[in-house]
Amino acid sequence: MGRPELPVDHTIPARGELAAALRGLRAAAGLTYDELAVRTGLSAATLKRAASGRYVPAWETVTAITEVCGDLHRDVGQLWQRARVAQRGRLKDLPRPASPELITNAGALSEALVYFYEWAGGLPLRRLQELAGEAYFLPVSTAARIVGRQALPVSRQQCIAFLTACGIGPRLVRRWADAYDRIIAARHTNTRASFSEVDPALVLLRDVQRLTERSGGHGSVRVADLFQGPGEATRLRGQQTLTGLLPQELPQRRIRFAERPRRLPPQPA
């Protein structure tokens with residue numbers, strides 16, 4: 001006869017509740033840990049640790065137990081989530097997000113996404129990817145940048161995939177996706193506005209010094225390319241490089257033009 005099983009550790013209550021539920025599943029199925037190990041393909045030691053209450057088992061361990069024993073405890077998934085939240089201890093330090101309609105900047109949106117991630121139990125990134133619909137919708141590297149507050153989702157679709165993986169309901173997901181669209185649109189508008197603030201100094205440099213090409217260690221930069229070119233990103237790089245070549249006093253002047261100088265048509269003789 002084996003040694004009796006140690007009592008469940010309830011030091012962290014949510015973790016203890018999960019362990020007790022897993023023990024209940026095994027007992028209801030009438031299986032020993034060795035028999036359960038054969039059916040799940042996991043070691044008996046892993047199964048005993050999962051039901052000890054001393055740590056939160058991997059989601060794969062929990063699902064293996066429920067699949068073999070039958071999901072007699074329908075709330076085991078929620079218990080696992082609550083145990084993860086309690087063990088990580090990060091959610092309590094995050095402010096609860098405001099209504100998505102009141103979110104006005106990228107920082108607040110990023111903070112809300114992290115809150116939802118921690119609310120979901122701080123899922124392992126591979127598990128988050130699976131729930132989002134595999135790598136096509138949410139690459140692990142991108143998920144890591146989102147939860148690390150280094151970046152926002154790259155598209156509305158990715159924002160929806162991330163929130164869905166965190167267990168947010170469809171109606172609330174749509175509202176947050178709308179907030180994402182609004183913030184991204186505002187960011188693009190502000191970026192375009194910042195370009196126009198550089199234009200006056202660039203125009204002055206073009207007209208006064210007849211600058212056609214300069215190299216600043218970053219390749220050739222032509223003034224014409226700053227106003228027309230293959231894309232906004234290219235023009236921004238050109239502007240940043242050329243602005244660094246401007247005389248120091250030019251950017252400090254608040255020079256404004258009603259419109260860019262235009263060449264006058266030739267006058268008749």
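Predicted model: local features only at pLDDT ≥ 70, side-chain atom pairs only at ≥ 80, totals over all residues.
Visitor: Where do I start? How many helices and strands does the protein have?

Guide: Start with the inventory. The protein has 12 helices and two strands. Along the sequence the pattern runs α-α-α-α-α-α-α-α-α-α-β-β-α-α.

Visitor: What share of the residues is buried?

Guide: Of the 269 residues in the protein, 36% are buried. Here buried means under 20% relative accessible area. The accessible surface is about 16,400 Å². Carbon and sulfur atoms account for 52% of that surface.

Visitor: What do the contacts say about the chain?

Guide: Look at sequence separation. Take the contacts between residues at least 6 apart in sequence. Of these, 61% join residues at least 24 apart.

Visitor: What follows α4?

Guide: G70 does, and its phi is positive, near 85°.

Visitor: How do I describe two packed helices?

Guide: Two packed helices are described by the angle between their axes and the distance between the axes. Take α2 and α4. Their angle is about 100°, and their axes are 10 Å apart. Angles of 65 to 115 degrees count as roughly perpendicular, so α2 is roughly perpendicular to α4.

Visitor: Which residues of α2 and α4 meet?

Guide: From α2 come L36, R39 and T40. From α4 come A64, I65, V68 and C69. By type, the residues of this contact divide into five nonpolar, one polar and one charged.

Visitor: On to charges. What is the idea behind a salt bridge?

Guide: Side chains of opposite charge can pair when their charged atoms come close. The cut-off used here is within 4 Å, from a side-chain nitrogen of Lys or Arg to a carboxyl oxygen of Asp or Glu. A search of the whole structure finds 10 salt bridges.

Visitor: Give me a case. Which residue does R82 meet in a salt bridge?

Guide: R82 pairs with E17, at 3.1 Å from N to O. The pair links distant parts of the chain. R82 sits in helix α5 and E17 in helix α1, 65 residues apart.

Visitor: Are R82 and E17 buried, exposed or partly exposed?

Guide: R82 is partly exposed, with a relative accessible area of 44%. E17 is partly exposed too, at 34%.

Visitor: What does R156 pair with?

Guide: R156 forms a salt bridge with D178, the closest N and O atoms being 3.0 Å apart. D178 is in helix α10 (residues 170–209), and R156 is in helix α9 (residues 156–165). They are 22 residues apart. R156 also meets D181 in a salt bridge, at 2.5 Å from N to O. D181 lies in helix α10 and R156 in helix α9, so this pair ties together parts that are 25 residues apart in sequence.

Visitor: How accessible are D178, R156 and D181?

Guide: Each is partly exposed. The relative accessible area is 42% for D178, 28% for R156 and 33% for D181.

Visitor: Which residues do shared partners join into one network?

Guide: Salt bridges that share partners join E5, R23 and R26 into one network.

Notes:
Residues numbered from 1 in each chain as written. Heavy atoms only, no water. Helix = DSSP H or I, 4+ residues; strand = E, 2+ residues; numbered from the N terminus. Buried < 20%, exposed > 50% of the residue type's maximum accessible area, 1.4 Å probe, protein only. Contact = heavy atoms within 4.5 Å. Areas by Shrake-Rupley, 256 points an atom, 1.4 Å probe, with all protein chains shown as cover. Axes fitted to C-alpha atoms, helices over the stretch in contact; angles between N-to-C directions. Parallel < 35°, antiparallel > 145°, perpendicular 65-115°, else oblique. Nonpolar A, V, L, I, M, F, W, Y, C, P; charged D, E, K, R; others polar.
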